[in-house]
Amino acid sequence: MPTPSLTALPIRRLTPRDLVACADLSEDRGWPREEHKWGFLLTAGKGVGIDDPEGGLVAACVVTEYGAWGRPDLGAIGMVLVARRHARQGVGRRLMRHVMSTMGTTPLTLHATPYGRPLYEELGFKVTGRAEMLRGRFIPGGRHSGISTRAATAEDVPAILRLDEEVFGTDRTSLITRLPAFADQLRVAEEDGCLIGYAAAWPNMDTHVVGPLIARDTGTAKALIASLAAHTDRPLRTDIDVRHDELLAWVKERGLASVAFNSVMTYGITDLPGDWTRRFAPLTVAAG
């Protein structure tokens, strides 16, 4: 039997049962397997992919929708991967066009590597910002901010959701309510009994990824990062909006080093909704 052409292979919805195939695809492209993250994205978002007749996946990506159920305000595209043996044959472009078509008029966003950015620009995405990825062992020390932080409880979830929607600019309930099960730590910052920030640290290979990081100001963001670092023996990793130059300088002083830069891109909107001054780091760049 002749092998079907790539253009003839159907695009289908992925499910959590495809987790191993997605992780295999990541590994094929030289990325970490990240099975924990794939499992989260395949349940919180919508995965789409193309099966390889010879086994595994030709390509995959995930779209995470935010806003009212069935009427999203924003879609975040991530984990766009094409198997090495099928690279540079238009598969990624075909998968992206499929996603853009199914999302209709919903605005879209993604974090692009330098390698992927030309494709997204060709499809009409515009660069609206940058994020810096950092990694390293956090070195405690420095002046104490005096900002109170503690582990979040179930009673904090409504306040976290309210703050998150105010800062992010749209409802992320389906994502944020999964954080207690996904993350190893979820901490909040308070002042006079009011929630002024929250952050999570979730396991990814040998690191803890700090994200999301939502805070009233840079001092609060520092206090949350320091409190997360104090409760783990793993290196930290995070992706910080480059406009937060004071926080970037501080985490570098505390032992984290720059790894890479990604372009924040949008389609259908000129900028992301919400308040960037309080949005320091995403949960994961794959989910916006």
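The model is predicted, so keep its ground rules in mind: local features need pLDDT of at least 70, side-chain atom pairs count only at pLDDT 80 or more, and totals for chains, interfaces and linings use all residues. Residues are numbered from 1 along each chain as its sequence is written, and side-chain values use heavy atoms, with hydrogens and water left out.

## The overall build

Let's start with the big picture. The protein has nine helices and 13 strands. Here helices (H or I, at least four residues) and strands (E, at least two) are DSSP runs, numbered from the N terminus. The radius of gyration is 19 Å, close to the 19 Å that the globule rule gives for 288 residues, so the protein is as compact as a globular protein of that length. That radius is taken over C-alpha atoms, and the globule rule is 2.2 Å times the number of residues to the power 0.38. Along its principal axes, the C-alpha trace spans about 70 × 35 × 35 Å.

How many of the residues count as buried? Of the 288 residues, 52% do. Buried means under 20% relative accessible area, exposed means over 50%, and partly exposed is in between (1.4 Å probe, protein chains only).

## Pockets and a cavity

Now for the empty spaces. Rolling a probe the size of a water molecule over the atoms shows where empty space is left. The search runs on a 1 Å grid over the protein atoms alone: a cavity is a set of points where a 1.4 Å probe fits but cannot get out, while a pocket is an open set with protein on both sides within 12 Å along at least five of seven lines; lining residues have an atom within 4 Å of a point. Grid points are joined across faces, edges and corners, and a volume is the space filled by probe spheres set on the points. As for the classes in the table, Ala, Val, Leu, Ile, Met, Phe, Trp, Tyr, Cys and Pro count as nonpolar, Asp, Glu, Lys and Arg as charged, and the others, Gly among them, as polar.

| Space | Volume | Lining by class |
|---|---|---|
| Largest pocket | About 1000 Å³ | 21 nonpolar, 10 polar, six charged residues |
| Second largest pocket | About 510 Å³ | nine nonpolar, nine polar, six charged residues |
| Largest cavity | About 40 Å³ | six nonpolar, one polar, no charged residues |

The largest pocket has 37 lining residues, and W31, V80, T113, Y115 and G116 are the closest to its centre. Which element gives the most to this lining? That's β4, with six residues.

The second largest pocket is lined by 24 residues, of which F138, G141, K222, A226 and W250 lie nearest its centre.

## A look at helix α5

Helix α5 covers residues 157-168, so to speak a run of 12 residues, and reaches 16 Å from its first C-alpha to its last, close to the 16 Å expected at 1.5 Å a residue. The expected span is 1.5 Å times one less than the number of residues. Its buried residues are I160, L161, L163, D164, V167 and F168. Just after the helix, G169 takes a positive phi of about 95°.

Are they buried or exposed? M79, in strand β4, is buried at 6% relative accessibility. D192, in the loop between β8 (185-191) and β9 (194-204), is exposed at 75%.

A cis peptide bond joins G211 and P212, with omega about 0°, and P212 sits in strand β10 (residues 207-215).

Finally, the structure holds zero disulfides, a disulfide being a pair of cysteine sulfur atoms within 2.5 Å. For C61, the nearest cysteine sulfur is that of C22, 9.9 Å away. C61 is buried, with a relative accessible area of 0%, whereas C194 counts as partly exposed at 48%.
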